[in-house]
Amino acid sequence: MVPPEGKRRAAWNDVQSMLADLASALAARDPSTAAHCARVTFMSRRLAVWLGWDDRKLRTVEVGAPLHDIGKVTISEALLRKRGPLLPHELAEIRTHPAAGAKLISPIGPARDALPYVLYHHERWDGGGYPTGRRGTQIPEGARLLAVADAFDAMTSTRPYRRALPMSRALGEIERCAGTQFDPSFAHAFLDAWSAGALSDAAAM
């Protein structure tokens, strides 16, 4: 009979294998999104460590953060690579990726810890996000933490439709949007961790 710890280890190995397969699929289809996910994972985990999260919670970050944009495998490559502003119907298609990602991974039992990160990372503290319009602490804690790192990396990365913002301006946006777009405690923790040098290695990835 396999002891409980052995079962947990085997399940974690299954998750790691699944992560590698899905990350490879995303990288093959959209290398820039795959690189973004790697940087967001790095910053999210560093921020969680900065906040003193325990091993169980850190493991959810390690499972969920790399998969948060996995739903973009369902979006057309032409749209993902489009230069210039998105039209309303194109923006609506992009905004299907959290729900599409959740649908993709939900049948995979060991991936259940990733679901809050995948489904809720575009929700806003003030309730103005998507896909469900949750607000405040209705949004799972991991998704609230990841949302800050996700937005910062998006702002500081060059995209087909715009240039990257300077780091200083992106940090200013995190501060400005604390309490509206972002959970203020995570926004301020991100700024503190960045100032202390705990996150800045991500810029070199």
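Is F186 buried or exposed? With a relative accessibility of 6%, F186 counts as buried (under 20% relative accessible area, against over 50% for exposed and partly exposed in between, with a 1.4 Å probe and protein chains only). The model shown here is predicted, so local features need pLDDT of at least 70 and side-chain atom pairs count only at pLDDT 80 or more, while totals for chains, interfaces and linings use all residues. Residues are numbered from 1 along each chain as its sequence is written, and side-chain values use heavy atoms, leaving out hydrogens and water.

View 1. Rings of Phe, Tyr and Trp (its six-membered ring) pair if their centres lie within 6.5 Å; planes under 30 degrees apart are stacked, over 60 edge-to-face and the rest tilted. The count comes to four aromatic pairs. W53 sits in the loop between α2 (31–50) and α3 (55–64) and F186 in helix α10 (residues 184–195), so the pair ties together parts 133 residues apart in sequence. Helices here are DSSP runs (H or I, at least four residues), numbered from the N terminus.

**View 2. K57 lies over the face of W53.** K57 is 4.5 Å from the ring centre; the rule asks for NZ of Lys or CZ of Arg within 6 Å of that centre and within 35 degrees of the ring normal. W53 itself is buried, at 10% relative accessibility.

**View 3. F190 and W194 share helix α10.** These two lie four residues apart, about one turn of the helix. F190 is buried at 0% relative accessible area, and W194 is buried at 15%. Ring pairs also link F152 with F190 and W194 in a cluster.
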